[in-house]
Amino acid sequence: MNSTALITGASSGLGAEFAEQLAAQGYDVVLVARSGDRLAALAERLIAEHGVRAHVLVQDLAEPDAARRIADRLTTRGLSVDLLVNNAGFGTCGRFEEISGARDHDQLMVNVVALVDLTHELLPGMLERGRGAVVNVASNAAFQPAPYFAVYGAAKAFVLNFGLALRQEYRRRGIRVLTLCPGPVETAFFDTIGTRRAAVTGSMTTPEPVVRAALRALERDRGYAAPGLGNALTAHLTPRRPRTLVAAVAERVTRKVLAAPSKSSEHAA
Ligand SMILES: NC(=O)c1ccc[n+]([C@@H]2O[C@H](COP(=O)([O-])OP(=O)(O)OC[C@H]3O[C@@H](n4cnc5c(N)ncnc54)[C@H](OP(=O)(O)O)[C@@H]3O)[C@@H](O)[C@H]2O)c1
């Protein structure tokens, strides 16, 4: 019997790529997001191309009982999850007082609360079976305060510290926990956040190598993966600098990037 991976945010970007690469490795997949049509199209393709089983669970992860509802539907379908990929997420960008409080609330529900709740729902089954893995998608914003992305950066710092802590708790009990900390990746993330300037550094990669690096790191039981040389250096060096200095430099750099005149190649969604 194939192992089963549940991937949140599988309708697009990194989540769709996780589904693709895991199905290619022979995992049955459970695809979770709000966009049912996109999930159904992906499921159909993965079944046809890889001969795996692919299930679609349409769920808004900002709803308070989202994880419970997912767990109930897994039970109804007789599915147990061996690999949980907590990938769904989005960001907000700009001056804190100009960002909708409701939008930030939903961001925390999706990026943090649903991730913790789903781990609560699915980890006990992994422990019972004596094996399993969790991949949490954070960001390179997790390594420092992120002015103008204050809630996003703080949420991702939570995800990183949560993942590193769980890894230590469960590493001798058969469970691997990896936190993925990508730099900018060419996905719909930037359409949702409203500007490609949210990449700040400007340099982008694609989902394929990022997910490949994550799955390799999971296989090697690494604590976190920060794919790409520049990104790895940020991950290594930033936490070694004084935190208030890092925040001040980040504020200055980000303010300039966000305020710079538009080039024709840039667009705000
Ligand atoms: N792209 C980057 O540069 C970058 C860098 C570092 C970290 N990340 C992280 O990578 C993860 C994936 O993002 P991405 O870059 O692949 O962006 P993306 O293409 O916009 O994908 C985001 C996914 O999250 C899902 N999602 C958003 N809100 C949801 C909700 N309320 N309920 C259920 N699902 C929801 C979306 O599905 P629906 O809209 O169909 O619900 C979509 O599948 C995120 O956690 C993001 O923070 C991205």
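In this predicted model, Phe162 has a relative accessibility of 18% and therefore counts as buried, the limit for that class being under 20%. Phe158, at 36% relative accessibility, counts as partly exposed, because that class covers the range between under 20% and over 50%. Both residues belong to helix H5, where they stand four residues apart and are thus separated by about one helical turn.

A pair of aromatic rings is described by the distance of the centres and the angle of the planes. The count of aromatic pairs in the structure comes to four. In one of them, Phe158 and Phe162 are stacked, with 5.8 Å from centre to centre and 20° between the planes. The pair counts as stacked because planes under 30 degrees apart fall into that class. Elsewhere, ring pairs join Tyr152, Phe189 and Phe190 into a cluster.

| Residue | Protein atom | Distance to a ligand oxygen atom |
|---|---|---|
| Leu14 | backbone N or O atom | 2.8 Å |
| Ser35 | polar side-chain atom | 2.4 Å |
| Tyr152 | side-chain N or O atom | 2.7 Å |

On its own, the ligand has 870 Å² of accessible area, and the protein covers 94% of this.

Helix H1 contains 12 residues. The distance from its first C-alpha to its last is 17 Å, close to the 16 Å expected at 1.5 Å a residue. Of the 12 residues of H1, 10 are buried, so this helix is largely enclosed by the rest of the structure. Among the buried residues of H1 is Leu14, whose backbone N or O atom lies 2.8 Å from a ligand oxygen atom. Just after H1, Gly26 adopts a positive phi of about 100°.

Terms used. Residues numbered from 1 in each chain as written. Predicted model: local features only at pLDDT ≥ 70, side-chain atom pairs only at ≥ 80, totals over all residues. Heavy atoms only, no water. Polar contact = N/O pair within 3.5 Å; in protein donor to acceptor, adjacent residues only side chain to side chain. Areas by Shrake-Rupley, 256 points an atom, 1.4 Å probe, with all protein chains shown as cover. Phe/Tyr/Trp six-rings, centres within 6.5 Å; stacked < 30°, edge-to-face > 60°. Helix = DSSP H or I, 4+ residues; strand = E, 2+ residues; numbered from the N terminus. Buried < 20%, exposed > 50% of the residue type's maximum accessible area, 1.4 Å probe, protein only. Expected span 1.5 Å × (residues − 1).
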